[in-house]
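Here is a short briefing on one structure. Please look at the sequence and the model first.

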Amino acid sequence: MSALTFDKSELGNLEYSLQREMLATDRKGGYMSTTIVCCNTRKYHGLMVAPIDESDEAYVLLSSLDETIIQHDQSFNLALHRYRGVYEPRGHKYITDFGYTPTPTITYRVGGVILRKELLWIHKRTQLMIRYTLVDAHSDTTLRLRPFFAFRNKHSLSKANMEANGRSYPVNGGVKCKLYEGFPWLYLQTNKADAEFVAAPDWYYDFEYPEEIKRGYDGYEDLLTTGYFEMPIRKGESVIFSAATDEMATEDTISQIYEASIARRTHKVDFLSCLRHSARQFIVRRSGGRTEMVAGYPWYGAVGRDTLISLPGIVLEQGYKEDCMDVLDTMVAGMRNGDFAGTASARVAADAPLWFFWTLQNLEPHIGAKELWSRYGEAMKSILEAYRRGFEGRVALHDNGLVWAAADGEALTWMNTKVDGRPVAQRAGYAVEIEALWYNAVSYTLALARKMKDKEFTERWGDMPARTKDSFLSKFMLDEGYPADFVNDYEVNTFRRSNMLVACALDYTMLGEEQIMDVLNVVRQHLLTRRGIRSLSPRNPFYEPSYAEDQRSQDLACHNGSTWIWPLMLYVKTCFGIAGERFLPEAEELLAGFEDEIQTACIGSVSECFEGDPPFRARGCLSQATGVGGLLYIEALTGEWRARSGKKGAKAAKTAKKTVRKKSK
């Protein structure tokens, strides 16, 4: 698969460089995100964005850091900012190279000066390090570093005010700053003993974030600088700048932490290594022993449904079964009366708890049925009982064995976007994917219960799968051969959506092979694209391909035409189930189609969704767990079938050799 490369000649072209963003995380809830030329174009961008308390909400502490090279009393500012209608300074014109592995690296050339900048987020600490190396210079050179602070929630914006504390307080090797009470101190230090910090507090006004303005939001911010570092730097010398919520003890400690951390970095040189690295960024170990999965960067937190859909691809594809169990254990610990907490609750996401069983089915081969039942059997049974009792009249199991989900003014399925306060796709009643997930959950739990000789459960639930299946086939199956999208008291909705794939791909399905083939034909004809599966057929009058940049247009299209990756893994799983190794070339072709995507939006990752029409432009958040997890799940499936095919080929070759020997005798 192709290497991760960048067009050096285009780095100075803002149309090219500002559309490419980079992300690094500390694995505990903090991250660094900006463009590859370090110009922030979103309010979510920043060099240090991190939680500051138990709420897990992230805050932009250090927004940016300006570098200036000084020679012969001439200053060359290497930074790039967008102010109201203008770029200033324009340091991007000095950039000659950008590399992504083992850590984001930018090379600048100013006359005879070549400066290399390497940005490194330290894992399991709230700490950013930047190493500056003067690769070449022919005269005395001074390096100036000016930090810009925001100290605000990542969803908001900073405005100039009289309450901000612009003072810097000396610490070993630097200063500490704290703009407002309630925030932690931010320690700014270097490993250079003769570095001087010059206090010069000042507000800089009207930083412009064009991506927010496109989406229809406020996109102007004021940032405070408290001063700048200034230090001589010699040819071949490296200076390390550190920003952290903990003070570093000595200059040597800064260097040691940097060297040890960079040595542990994996090399992200191709499609698969980039995806696996991206996947590791979603798992976050928070205070109090909680392990969660971030749904997407830069603006999402943990989302229950996304977590359970993504976990098999995100962690199990790399063999991280402990991470999978830690995330599940955190979710199970928050259960009350058979329902998960927050965004995983059936009360707000009627299908979310049922994806729990999908994750367990993928986990079982890694830990065995006995351990899985011992660890999660009670949670499985309690979830099913909760559906039987119902959730405040919003979600309920009916006597026909189907799960009803409806609430006025709300959408309880994954298609839950709203525009003007109304759901874009409410889908109230019986939804096809919820019934498929319900049937799979009950059938899987029964299979384990029988294996573990849980007689009480099997007697209570034994007749449920047949009742659910009979009702489903009676209510959902259309004359065209595919299931309805949803059914309620006044409508059998015949929209061709990606949701029908859930009914085909789960381990326990209510559909026969011929019905599955009919679904696959519909998907290929209406929904399959090179970027995933459309959420709605282009032939539908409600289809919205989303060409506009504003958030309203994107929300209208999100579930009415936009293309998603995670249903593609269900398509691939279904096709392998039907065609076996004959589907291998198509699966490999689908994967290969995403190789260019990891270097066009968020470097090394994939976006939340894509427009429904060519060229399938990336939309939504920049790095999405369901997308990364979906592609890694497809890679795992493809690898399994590739191995099977190889074994068959090796066996056939061995048999052929034996035949040749016999004939020769």
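Which residues does Phe356 touch, not counting residues up to four places away in sequence? Phe356 touches Leu308, Leu328, Val332, Phe340, Tyr376, Ala379, Met380 and Ile383; contact means heavy atoms within 4.5 Å. This is a predicted model: local features need pLDDT of at least 70, side-chain atom pairs count only at pLDDT 80 or more, and totals for chains, interfaces and linings use all residues. Residues are numbered from 1 along each chain as its sequence is written, and side-chain values use heavy atoms, with hydrogens and water left out.

**Nonpolar cores**

- The largest nonpolar core has 204 residues. Such a core is a set of buried Ala, Val, Leu, Ile, Met, Phe, Trp, Tyr and Cys residues joined through side-chain atoms within 4.5 Å.
- Phe241, Phe356, Leu363, Trp438, Tyr571 and Val572 touch the most other members of this core.
- Helix α9 gives the core its largest share, 12 residues. Helices (H or I, at least four residues) and strands (E, at least two) are DSSP runs, numbered from the N terminus.
- Another core, of 9 residues, lies apart from it and includes Met129, Ile240, Ile257 and Tyr258.
- In soluble globular proteins, nonpolar side chains tend to be buried together.

**Asn440 in α9**

- Helix α9 also holds Asn440.
- Asn440 is buried, at 0% relative accessible area. Buried means under 20%, exposed over 50%, and partly exposed in between (1.4 Å probe, protein chains only).
- The side chains of Asn440 and Gln361 make a polar contact of 2.9 Å. That term means a pair of N or O atoms within 3.5 Å; within protein, one must be able to donate a hydrogen and the other to accept it, and residues adjacent in sequence count only if both atoms are side-chain atoms.
- Leaving out residues up to four places away in sequence, Asn440 touches Phe357, Gln361, Leu506, Asp507 and Tyr508.

**Helix α11**

- The buried residues of α11 are Met464, Pro465, Thr468, Ser471, Phe472 and Phe476.
- Seen down the axis of α11, they fall within an arc of 140 degrees, so they line one face. The arc is that of the directions from the helix axis to the C-beta atoms.
- Exposed Asp470 and Ser474 sit on the face turned away from the buried side of α11.
- Among the elements covering the buried residues of α11 are α8, α9, α10 and β27.

**Gly216**

- Gly216 lies in the loop between α2 (210-214) and β17 (220-233).
- Gly216 counts as exposed because its relative accessibility is 60%.
- The C-alpha atoms of Gly216 and Arg552 are separated by 8.1 Å, though 336 residues apart along the chain.
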